[in-house]
Amino acid sequence: MSAVPKPVSSPAAAEPIRREGLIPVLVVVVGLVVAVQIASFYLPPFVMPSPLTILKATIEILQTDYVHIGVTALRLLVAILFAMALGVLLGIVMGIFPRIRPYIRALVIIDTGIPALSWMLLAIFWFGEPEVRIFFILSVILVPFYALSIFDGIRSLPRDWVDMIESFRPRRWQVLRYLILPHIVPYVLTTTKSVIGYAVRMVIFSELIASAVGIGSRMSLAQSMFRIDSVLGWTVILIVLNLMLQAALTALEKHLLKWRAEASVR
Amino acid sequence: MSAAVETVISLRDVSKSFGSLLVADKLTMRVDRGEIVALLGQTGAGKSTVMNMIMGTLQPTSGEVRVAGHDPYQEFEKLRGKLAVSFQTDRLLPWRTAVENTELGLLILGVSAAEARQRALTWLNRVRLAGAEDKYPHELSGGMRQRVSLARALCVDPELILLDESFSQLDHVTSKTLREDFAQVARQYNKTCLFVTHRIEDALEMSDRVIVLRPGAGIALERSIDAALRADPVRLQELHTIIADRMSVGPASDT
């Protein structure tokens, strides 16, 4: 057979992506460090310690309290995976079962209207076990994000693709496997990237209120001991944790969505 | 003793209306095994409606549609593996490579992954896409994507292939090459094809028979095209003029 015609190359969009990478983060970090250093010259140490003091507190935390970091990270991971699974399931049910859709949608919308603080206080009333409390709080807060996003993703499924796959007379599970699930992967990833920072904040609040173990509880302890350097040290660790999670998600996204053409706007 | 001609598609007195709008009126036509039939008509002539009734995604208001002996709407499942469609746009799934898109129909039909892959590679080779198997759709040109779409339809070895304006979005040169390639492959493997188009040249070039639809009515013209006719530019031009004339008339009540 003859040679293959020259394929159309994808647009050169790599440069803007590189510009969105590490360098801007470093620039902002340096700027913040300088700002803290300047503030520490004018403010008392119990209000704004110097970056060096914060760094020492951070190192001390990493040496002595790393277990709390692990516990918080594990809670976060379990809750996000559970919320992802349940949210995707609810989103799919809403997307493919029109009769059930209004009821689940109403439930999800009502859930989004309940303040996180209400869930936290209710969790303390309802559950005695701290792990259950935190898991419950994170789940009820995160599930609606996934459910609504996945439902939206299924609604945006091009009719052309549905007609194409139906021309082969597939079973319902085959439509799910070959069309719906791959189609919603970008929605799952985007939702996870959107909620990860929020989830970190929520897990810290939950630990502050409902547990004696974890970053939130250690921050509460540092505050009660007037250790602002430790509070800022924990904050630094949380920022780094968030950045690491975002980087891991970006890497996962690059791997899972390698089929996607990157477009750039001049 | 000659072999009996087997009819793959038959429409008998088929009418379809959407509310008060009559799109097809007592349409009767057939497509025999191994034939390439072009269904011609201007926009609004009801070509897509007829195609959808044959695909089984639309139920006729009255009359009978049979595809490979089955009612495609009522017996939707029974046409599994017997029918494949190539659409106006390629409709490739962007997360699947060329070979993964090609093998999709086979996987749905329950063919093992290894066999599906082998057959998909063979068909990509036949539509001149050897070497592009692992490219994603966004890495392929429009013509290449449409070739993948054709390979996906041919790959399931269907009794019937429906082509819904499959070449009309491509430029003239690419469209002509692809039509020629498709007609050659279809004839070589004795495929039955119903080819919907609004372009008379396309129909004359690759079909054994043309059926011209008139908006809101039945068939305005039906003509066979053999190799002798195709080789005679004068007769071909005459037929072109007649078809264009029949396509341009309004609904049946106007004529």
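Student: In which sense do strands E6 and E7 of chain B pair, and over how many bridges?
Tutor: This is a predicted model. In it, E6 (residues 160-164) and E7 (residues 192-197) of chain B pair in the parallel sense over 5 bridges.

Student: Which residue stands opposite Leu162(B)?
Tutor: Leu194(B), in E7(B), stands opposite Leu162(B).

Student: What sheet of chain B has E6 and E7 in it?
Tutor: An open sheet of 6 strands, in the order E5-E6-E7-E3-E8-E9, with mixed pairing.

Student: Which strands stand at the edges there, and what does that leave?
Tutor: E5 (83-86) and E9 (219-224) of chain B. Each has a single partner strand, so one side of each is without a neighbour in the sheet. From one strand to the next, the twist averages 15°.

Student: Which helix packs on the sheet?
Tutor: Helix H5 (residues 142-155) of chain B packs on the sheet and touches E5 and E6 of chain B. The direction of H5 makes about 175° with that of E5(B).

Student: What about the sheet with E1 of chain B, what order and pairing?
Tutor: That open sheet has 3 strands in the order E2-E1-E4, and the pairing is antiparallel. E2 (21-32) and E4 (62-67) of chain B stand at its edges with a single partner strand each, so each has one side without a neighbour in the sheet. On average, neighbouring strands of this sheet are turned by 15° against each other, direction ignored.

Student: Over how many bridges do E1 and E2 of chain B pair?
Tutor: E1 (residues 7-18) of chain B pairs with E2(B) over 8 bridges, in the antiparallel sense. Val14(B) stands opposite Leu27(B) in E2(B).

Student: New topic: domains. How is chain B divided?
Tutor: Into domain 1 (7-82 + 159-254) and domain 2 (91-157). The C-alpha centres of these two domains of chain B lie 25 Å apart.

Student: How many residues are in contact between domain 1 and domain 2 of chain B?
Tutor: 10 residues of domain 1 are in contact with 12 residues of domain 2. On the side of domain 1 that touches domain 2, helix H6 (residues 172-188) of chain B gives the most, with 5 residues. By class, that side of domain 1 has 5 nonpolar, 3 polar and 2 charged residues.

Student: And how many residues of chain A are in contact with chain B?
Tutor: 20 residues of chain A, in contact with 32 residues of chain B. Helices H8 (159-166) and H9 of chain A each supply at least two residues of the chain A side. That side divides into 13 nonpolar, 4 polar and 3 charged residues.

Student: Staying on H9(A), at what angle does it cross H7(A)?
Tutor: H7 (residues 130-155) and H9 (residues 172-210) of chain A cross at roughly 155°, and their axes come within 8 Å. That makes H7(A) roughly antiparallel to H9(A). The crossing is right-handed. Residues of this contact divide into 18 nonpolar, 5 polar and 2 charged.

Student: How far apart are the axes of H9(A) and H10(A)?
Tutor: 6 Å apart, with H9(A) and H10 (residues 215-224) of chain A packed at an angle of about 60°. The two helices, H9(A) and H10(A), are therefore oblique to each other. Their crossing is right-handed.

Student: Which residues make the contact?
Tutor: Among them are Val203(A), Ile204(A) and Phe205(A) of H9(A), and Ile215(A), Gly216(A) and Met219(A) of H10(A). The residues of this contact of H9(A) with H10(A) divide into 6 nonpolar, 4 polar and 1 charged.

How values were computed: Residues are numbered from 1 along each chain as its sequence is written. Chains are lettered from A and ligands numbered from 1 in the order in which they are written. This is a predicted model: local features need pLDDT of at least 70, side-chain atom pairs count only at pLDDT 80 or more; totals for chains, interfaces and linings use all residues. Axes are lines fitted to C-alpha atoms, for helices over the stretch in contact, and angles run from 0 to 180 degrees between N-to-C directions. Helices (H or I, at least four residues) and strands (E, at least two) are DSSP runs, numbered from the N terminus. Angles under 35 degrees count as roughly parallel, over 145 as roughly antiparallel, 65 to 115 as roughly perpendicular and the rest as oblique. A crossing is left-handed if the near helix is turned anticlockwise from the far one by less than a right angle, and right-handed if clockwise. Ala, Val, Leu, Ile, Met, Phe, Trp, Tyr, Cys and Pro count as nonpolar, Asp, Glu, Lys and Arg as charged, and the others, Gly among them, as polar. Two residues are in contact if their C-beta atoms, placed from the backbone, lie within 7 Å. Two strands pair if DSSP finds at least two bridges between them. Domain bounds come from an automatic or database domain assignment.
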